[in-house]
Amino acid sequence: MSTLLAIGTRKGLFLATSDDRTSWQLSAAHFPMQAIYAVAIDTRAETPRLLAGADSNHWGPSVFHSDDLGATWQEPEQAPVAFPDDTDGALARVWQLQPGPADQPGTVWAGAEPASLFRSDDGGLSFELVRALWDHPHRPSWEPGAGGMCLHTIIPHGDRLVTAISAAGVYRSLDGGRTWNASNTGIEARFFPDRYPEFGQCVHKIAADAEDPDRLYLQNHGGVYRSEDGGSSWNPIHAGLPADFGFAMVAHPRRGDSAFLYPLVSDEQRVPPDGASRVFATTDGGNTWEARAGGLPSEHVYGTVLRDAMCADDADPTGLYFGNRNGEVWASADEGAHWQSVATHLPDVLVVRAATLA
């Protein structure tokens, strides 16, 4: 077995491989000078497919795919993600690529800027706009977060779809995307006079529990939350953390009640608390948290970990990975207990994705 780690940066995609998750071989940059905000490693088929959302300052945004682990890449002749002519939308960036469940082998979801959801039924070669969310009556009132007006989280489960938009909050469909409702009950928006509005929260990331599909974990723009009802309502779980601001949220891929995050001081100080690089883990659904930082630098750390720049693999024990805006990538083969460097001096790390390959 080997592990593939895809590292999307502001200046290209790097692929790291390892047979033991201890020593790593790093490729040269794919798509050099293009920003890679979204990557997916789709392992549902016998031959894995890599998908990359690349953003060229000259050619604009597109989605490329590779069926030979990055040796070659293809781009469809027609723009794979594009708004219909009768909308007022123009694609700025693909923020998320999310393969569907195993029983929908061709389904891939894409989240984009301006905030929108697209669906593919051919493995990510072409996508169609989910009109019901685009036409939602709240959309004219949505405001962009600092990173843009982006749909960055997609969690499919049966007919339920949970999405997150910065800065509109959680939107949920219970009928496969035909109808949508804001689902932000309990999530605080500290920057508004009404701190608990129907929508307008700047949700940073959501992850689904491995065993209970109704349990979700959420990192907000201030506040960490858990839902026990599939996103219908949310309760805070940030007690015991050194800070409640951050971007990343990762659920354990096999064990319930377990999740990981990387806290930052605040929206005004987007650096790790106490200058120490630490991943925090919970094994009881967020009731308690513990730092897992063996081998990580413990002082003078200023690198920000963005919402998709942290992930887990599907090995046993689970591997954890994160990259920061200083171009550093770290890996742990034992669920965060011990860490080692994979790469340094890369461009800003925007996204990391990992998978175990036969």
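Since the model is predicted, local features need pLDDT of at least 70 and side-chain atom pairs count only at pLDDT 80 or more, while totals for chains, interfaces and linings use all residues.

**Stop 1: His338**

Select His338, in the loop between strand E25 (329-332) and strand E26 (340-343). Strands (E, at least two residues) are DSSP runs, numbered from the N terminus. Is His338 buried or exposed? His338 is exposed, at 53% relative accessible area. The scale runs like this: buried is under 20% relative accessible area, exposed is over 50%, and partly exposed is in between (1.4 Å probe, protein chains only).

Now show the side chain of Asp334: it makes a polar contact with the side chain of His338 at 2.6 Å. A polar contact here is a pair of N or O atoms within 3.5 Å; within protein, one must be able to donate a hydrogen and the other to accept it, and residues adjacent in sequence count only if both atoms are side-chain atoms. Leaving aside neighbours within four places in sequence, His338 is in contact (heavy atoms within 4.5 Å) with Gly294, Ala331, Ser332 and Ala333. For a distance check, pick His252: 86 residues from His338 in sequence, and 16 Å from it C-alpha to C-alpha.

**Stop 2: a salt-bridge network**

The structure holds 24 salt bridges, each a side-chain nitrogen of Lys or Arg within 4 Å of a carboxyl oxygen of Asp or Glu. Start at Glu188, which is buried at 12%. Its side chain bridges to Arg190 (3.3 Å, N to O) and also to Arg195 (3.2 Å, N to O). Both arginines are partly exposed, Arg190 at 34% and Arg195 at 38%.

From Arg190, step on to Asp244, where the bridge is 2.6 Å, N to O. Arg190 sits in the loop between strand E14 (181-182) and strand E15 (203-208), and Asp244 in the loop between strand E18 (235-236) and strand E19 (245-251), so this pair ties together parts 54 residues apart in sequence. Asp244 counts as buried, at 19%. Shared partners join Glu188, Arg190, Arg195 and Asp244 into one network.

**Stop 3: the largest pocket**

Select Gln98, Pro99, Ala251, Pro253 and Ala312, which lie nearest the centre of the largest pocket among its 42 lining residues. A pocket is an open set of points on a 1 Å grid over the protein atoms alone, where a 1.4 Å probe fits, with protein on both sides within 12 Å along at least five of seven lines; lining residues have an atom within 4 Å of a point.

Which strand gives the most to this lining? Colour E11 (150-157): E11 leads with 5 residues. By type, the lining is 23 nonpolar, 7 polar and 12 charged.

**Stop 4: the second largest pocket**

Finish with Gly145, Ala146, Gly147, Phe247 and Arg307, the closest to the centre of the second largest pocket among the 30 residues that line it.

Notes:
Residues are numbered from 1 along each chain as its sequence is written. Side-chain values use heavy atoms; hydrogens and water are left out. Helices (H or I, at least four residues) and strands (E, at least two) are DSSP runs, numbered from the N terminus. Ala, Val, Leu, Ile, Met, Phe, Trp, Tyr, Cys and Pro count as nonpolar, Asp, Glu, Lys and Arg as charged, and the others, Gly among them, as polar.
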